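Hi everyone, thanks for coming. Let me put the sequence and the model up on the screen, and then we'll walk through a few places together.

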Amino acid sequence: MTEEQAERMLAGMNEVIRAGEEMRKLRTEMIKVFVGFGWTQDKIARLTDMSQPAVSKQVTKYKTGDPLPPLELSLDQYDAPWLEGRLWGLAEEISETLDGAARCTRTIDALARGRKRFTPRDVDELRRLVEEDLRLHRGQLTARHQAAYDQIGRALDVPAKAAATAAATGTASASVRRALAHRIQRDRLRGDS
């Protein structure tokens, strides 16, 4: 085996490990959100597929601080992580609708696996690809896809509005807000909200 082969192999492993660590951290942060919703430890353990003692340890840790204000779960929020999560959810829905043939498929796969991050450059790339998919596949995508993108795109283009709402939404981390917006956007596009 050459050094270059070993480097490529280990780089792939490191991506998986890093993505796993980030997902564990996100799950831990989501427990804090679930506690804020008033959910029981049993319910949280079942949903997170964790043992009840592990959840209990996390819940105890979060209950020692001040209670968090409840998190707003409306699509009408304008901070960058929320909008990025909505864009990510929209892109996944487009990819699934087009059976993986969407231009944005590779980018959302890279985001999901931790090979790409939500940097301004990667978000701009995802926006460009979603716009291209919406243009190229108008007949296969619904008006809901276009309307969601129009709303997300306008909000991303107006950073002053995002900055004004960011202070009001500062209770959850960017990754938690991104994950929540991602899920809510997908559910809304499917009509499951």
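**Starting from one glutamine**

Let's begin with Gln185, which sits in helix 9. A word on terms: helices (H or I, at least four residues) and strands (E, at least two) are DSSP runs, numbered from the N terminus. Please keep in mind that this is a predicted model, where local features need pLDDT of at least 70 and side-chain atom pairs count only at pLDDT 80 or more, while totals for chains, interfaces and linings use all residues. Residues are numbered from 1 along each chain as its sequence is written, and side-chain values use heavy atoms, with hydrogens and water left out.

So, is Gln185 buried or exposed? Gln185 is buried, at a relative accessible area of 2%. Here buried means under 20% relative accessible area, exposed over 50%, and partly exposed in between (1.4 Å probe, protein chains only). Which residues does Gln185 touch, leaving out those up to four places away in sequence? They are Leu75, Arg86, Gly89, Leu90, Ala148 and Ile152, with contact meaning heavy atoms within 4.5 Å. Take Leu90: 95 residues separate Leu90 from Gln185 in sequence, yet their C-alpha atoms are 6.6 Å apart.

**Helix 9 and its partners**

Helix 9 itself has 17 residues and spans 24 Å from first C-alpha to last, close to the 24 Å expected at 1.5 Å a residue; that expected span is 1.5 Å times one less than the number of residues. Its buried residues include Val176, Leu180, Ile184 and Leu189, and the buried residues of helix 9 pack against helix 1 (3-36), helix 4 and helix 7. Just past the end of helix 9, Gly191 has a positive phi of about 80°.

Let's look at one of those partners. The axes of helix 7 (residues 143-157) and helix 9 (residues 174-190) come within 10 Å and cross at roughly 145°. Axes are lines fitted to C-alpha atoms, for helices over the stretch in contact, and angles run from 0 to 180 degrees between N-to-C directions. On the helix 7 side we have Arg144, His145, Ala148 and Ile152, meeting Gln185, Arg188, Leu189 and Arg190 of helix 9. By class, that contact has three nonpolar, two polar and three charged residues. Nonpolar covers Ala, Val, Leu, Ile, Met, Phe, Trp, Tyr, Cys and Pro, charged covers Asp, Glu, Lys and Arg, and the others, Gly among them, are polar.

**Two loop aspartates**

Most residues other than glycine have a negative phi. Asp49, in the loop between helix 2 (41-48) and helix 3 (52-63), has a positive phi near 60°. Asp49 is exposed, at 71% relative accessible area. Asp99 lies in the loop between helix 4 (80-97) and helix 5 (105-112), with a positive phi near 50°. Asp99 counts as exposed too, at 73%.

Over in helix 2 we find Thr48, which is buried at 10% relative accessibility. Its contacts, beyond four places in sequence, are Arg27, Ile31, Phe34 and Val55.

**The whole chain**

Stepping back, the protein has nine helices and zero strands, and 39% of its 193 residues are buried.

How far can we trust the model? Mean pLDDT, the predictor's confidence in each residue from 0 to 100, is 83, and 87% of residues reach 70 or more. Helix 6 (residues 120-136) has the highest mean, 96, and helix 8 (residues 159-166) the lowest, 54. Where pLDDT is low, the predicted coordinates should not be read in detail.
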